[in-house]
Amino acid sequence: MTSSAFQRTIILPAPVCRQAAQHLEHAVEKAIDGAATPWRAFRTADGDDFAFSVPVVEQAAGCLLVLAAESAQSLRPSALRALIGVALHLRDAAEAVQRPALPTGAW
């Protein structure tokens, strides 16, 4: 398996990153597998927009979806929607980066 020197990154808006960091902190507290790595990445990021590697964003999305499933009975519906919304935003961002570019122009 070869590794690329160029690793794809995703730029996320600050509000999404702050929300993800808060939710990931809860995931770490609930000992959800794999939550610590993305939590540290989101927690230590700063600036107006944040750049993360695609695997970190995918891992964060997965952890947040697990957290949502495990917390569904104990969270208010609005809090659960917010948690799922952040997870889906992260997942969609990671998927958008990995989609092959569509050819432009005529065939």
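Start with L24, which lies in helix α1; helices here are DSSP runs of H or I with at least four residues, strands are E runs of at least two, and both are numbered from the N terminus. Keep in mind that this is a predicted model, where local features need pLDDT of at least 70, side-chain atom pairs count only at pLDDT 80 or more, and totals for chains, interfaces and linings use all residues. Residues are numbered from 1 along each chain as its sequence is written, and side-chain values use heavy atoms, with hydrogens and water left out.

Is L24 buried or exposed? Its relative accessibility is 0%, so L24 counts as buried (under 20% relative accessible area; exposed is over 50% and partly exposed is in between, with a 1.4 Å probe and protein chains only). Setting aside neighbours within four places in sequence, L24 touches A35, P38, W39, F42, A60, C63 and L64, where contact means heavy atoms within 4.5 Å. L24 and A36 sit 12 residues apart in sequence, with 7.7 Å between their C-alpha atoms.

Now for two helix pairs. Axes are lines fitted to C-alpha atoms over the stretch in contact, and angles run from 0 to 180 degrees between N-to-C directions.

| Pair | Axes come within | Crossing angle |
|---|---|---|
| α2 (residues 36-44) and α3 (residues 54-71) | 9 Å | roughly 115° |
| α3 and α4 | 8 Å | roughly 150° |

Among the residues making the α3 and α4 contact are V57, A61 and L64 of α3 and L83, A87 and L90 of α4. By type, the residues of this contact divide into 17 nonpolar, 1 polar and 2 charged.

Between α2 and α3, the contact is made by T37, P38, A41 and F42 of α2 with V56, Q59 and A60 of α3.

What about the core? The largest nonpolar core has 31 residues, and L12, F42, F52, L64 and L90 have the most contacts inside it. Such a core is a set of buried Ala, Val, Leu, Ile, Met, Phe, Trp, Tyr and Cys residues joined through side-chain atoms within 4.5 Å. At least two residues each come from β1 (9-13), α1 (14-29), α2, β2 (49-53), α3 and α4 (77-98), and α3 gives the most, with 9 residues. Beyond its neighbours within four places in sequence, F52 is in contact with R8, T9, I10, L12, C17, A41, F42, A45 and V57.

Technical notes. Ala, Val, Leu, Ile, Met, Phe, Trp, Tyr, Cys and Pro count as nonpolar, Asp, Glu, Lys and Arg as charged, and the others, Gly among them, as polar.
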